Amino acid sequence: MDFRKRLVVMFMIMTLFPILLLVSFGFIIINYQTNVMQQAYETEVNTLQALQNPVQVLNRLTRGIYNELSTEAGNNPDALLDTEYLASVNESLEKRQAFLVVQKGDSLIYCGNTDLYEMVRDSLPEYGSYNTNVDGGLYVNGRVPYLVKQRDFLFADKEPGSFYIVSDVNKLMPQTKTSLIQAIGSVVIVFLVTGVLLVIWLYAGVLKPINKLRQATRRVKEGDLDFRLEKTGEDEIGELSADFEDMRAHLKTEIDTRIQYEEDLRTLIGNISHDLKTPLTTIKGYAEGMMDGVADTPEKQEKYLRTIRSKAEDMTRMVEELALYTKIDCKSYPYYFEKVRLKEFFTDCIEEDEPELERKNIKITLADKLSEGDEVYADREQLKRITMNIIGNAVKYLSKDSGEITITLTDELSYIRTEISDTGSGIPKKDLPHIFERFYRGDTSRNTGKGGSGLGLAIVKQIVEDHGGTIGARSEEGEGTTISFTLLKVRKNGQEQKLPQAHRFIGEIKA
């Protein structure tokens, strides 16, 4: 979730969620308190009305009893002298948090709650000063707040009398106070829950990923790149984590490559130093022999000079090979691609190399399985280098009195595969996966007297890949080796293919 959506969700959580919770809590509280008051007062009581106007609720609680007593006082006033009747009425009033008081003249006939009566006696209105209407009542807010309903009447002997229904407001207020406390508590709980949810959500979605990024940044700062930062989501932080992981992986690759390059460079320097030492020693020895007069005949002098020249050429070839690989590896070597017919190309190569190979009892043949006119994109000079390096390796490690080299051309739809096979000694299985690595050479026994910098096949691999092809090898010890590589065909199913721009460093393709 991106930050825009996250902000919308946060707004919803901060507004709608508390509202929904408050409505739910309010509904539960109202229902609960309504049931409590209905059970307490044995009548229908609305909690909202009790909260808004508790005095009105008290009026409603005693309305029926007040009307009953008023009727009795008008029709049979002496019934209000019957203490049993008055006690039954008071019992009903007690369930409604009220009590009954009846006076005749200055005499107290009945009191349903003596303790409370003592507190409110002086505040009760006198005869003739106040009469309650149907839904009325007198609220007195003194030491003890109460609601009084008064009705004046005349007994049968014409003596004045009054009855009072006194409701204790404090009995109802705890219910309303409880409801208010519960409502306030609900508000606090709702906002606490909302805050906790927001904190958890922000921590999981924002702070936790940022902390992971911070830890990863610290590890990179300390030079530790051997870890992986997982993408945390699809939002901006997730994308940032993915970019950071790409950067870390790229840095690690660059550093590993640099370390490997430095190690390879040390290996190369060691190999070159070792390989240059032998011809230099030979050149020095033969030169000193001529200077000391050891070569005292024209034949010996000529032999010494030929040897010196041969060793100098070996040294030159090694230096040139190193310089070439450096250019190719740095992508600074120019290729000039053209359309090449491989059958004609390899026929020319065989004709050129066949005399030299025959002197070494090596037979070279071409097996052409291509259609007429099949062409590939290639730099002719570098294709020649590929061929000579592979054939040179085959000759170098022949280790037999005679041998065969076979060049096979096969059509593979988009590519043409070239296989160069020999009947030499083969390559050990432990060396086979590494033969295209730069500076790699097999065990010393195979390389004793063979020379070379270990760059020949690495150069071949790089050139093939720069041509957009692939290269591989298979070998059996004692039977021979086959090295194969592919080059992009000019035409596929009659349609001309385009050489990827990445492989066209300099120059246009020649027709």
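**Loops, helices and pairs**

Author: Start with Asn361, in the loop between helix H9 (342–359) and strand S7 (362–368). Helices (H or I, at least four residues) and strands (E, at least two) are DSSP runs, numbered from the N terminus. This is a predicted model: local features need pLDDT of at least 70, side-chain atom pairs count only at pLDDT 80 or more, and totals for chains, interfaces and linings use all residues. Residues are numbered from 1 along each chain as its sequence is written, and side-chain values use heavy atoms, with hydrogens and water left out.

Reader: What is phi of Asn361 near?

Author: Phi is near 60° there, a positive value in a residue other than glycine. Asn361 is also partly exposed, at 48% relative accessible area. The cut-offs are these: buried is under 20% relative accessible area, exposed is over 50%, and partly exposed is in between (1.4 Å probe, protein chains only).

Reader: Which residue has a positive phi of about 70°?

Author: Lys158, which is not a glycine either. Look for Lys158 in the loop between strand S4 (146–154) and strand S5 (160–168). Lys158 counts as exposed because its relative accessible area is 64%.

Reader: Now the overall view. How many helices and strands does the chain have?

Author: The chain has 12 helices and 14 strands. Of its 511 residues, 38% are buried. The accessible surface comes to about 29300 Å², and carbon and sulfur atoms hold 53% of that. Areas come from the Shrake-Rupley method with a 1.4 Å probe; for residues, only the protein chains shown count as cover.

Reader: And contacts along the sequence? What share joins residues at least 24 apart?

Author: Take the contacts between residues at least 6 apart in sequence: 65% of them join residues at least 24 apart. Contact means heavy atoms within 4.5 Å.

Reader: How do I read helix packing?

Author: Two packed helices are described by the angle between their axes and the distance between the axes. Axes are lines fitted to C-alpha atoms, for helices over the stretch in contact; angles run from 0 to 180 degrees between N-to-C directions. On the H10 side, the contact uses Gln382, Arg385, Ile386, Asn389, Ile390 and Asn393. On the H12 side, it uses Gly456, Leu457, Ile459, Val460, Ile463 and Val464.

Reader: Is the crossing of H10 and H12 left-handed or right-handed?

Author: Left-handed. A crossing is left-handed if the near helix is turned anticlockwise from the far one by less than a right angle, and right-handed if clockwise.

Reader: At roughly what angle do helix H8 and H12 cross?

Author: Helix H8 (residues 298–329) and H12 cross at roughly 30°, and their axes come within 10 Å. That crossing is left-handed. H8 brings Glu321, Leu324, Tyr325, Ile328 and Asp329. They meet Gly456, Ala458, Ile459, Gln462, Ile463 and Asp466 of H12.

Reader: What about charged pairs?

Author: Side chains of opposite charge can pair when their charged atoms come close. A salt bridge here is a side-chain nitrogen of Lys or Arg within 4 Å of a carboxyl oxygen of Asp or Glu. The whole structure has 22 salt bridges. In one of them, Lys461 pairs with Glu465, with the closest N and O atoms 2.7 Å apart. Both lie in helix H12, four residues apart, about one turn of the helix. Lys461 is partly exposed at 27%, and Glu465 is partly exposed at 31%.

Reader: Why are Lys252 and Asp256 separated by about one helical turn?

Author: Because they are four residues apart in helix H7. Lys252 and Asp256 form a salt bridge, with 2.9 Å between the closest N and O atoms. Lys252 has 24% relative accessible area, so it is partly exposed. Asp256 is partly exposed too, at 38%. Arg258 and Glu262 also form a salt bridge, at 3.2 Å from N to O. They too are four residues apart in helix H7, about one helical turn.

Reader: Which residues are linked in a network of salt bridges?

Author: Lys104, Asp157 and Glu159.

Reader: Last one. Which residues form a nonpolar patch on the surface?

Author: Met247, Leu251, Ile255 and Ile259, with about 320 Å² of accessible area together. Patches are made of residues with over 30% relative accessible area and no salt bridge; like charges are joined within 9 Å, and nonpolar side chains (Val, Leu, Ile, Met, Phe, Trp, Tyr) within 5 Å. Ile259 lies in helix H7 (residues 236–291). Ile259 is partly exposed, with a relative accessible area of 46%.
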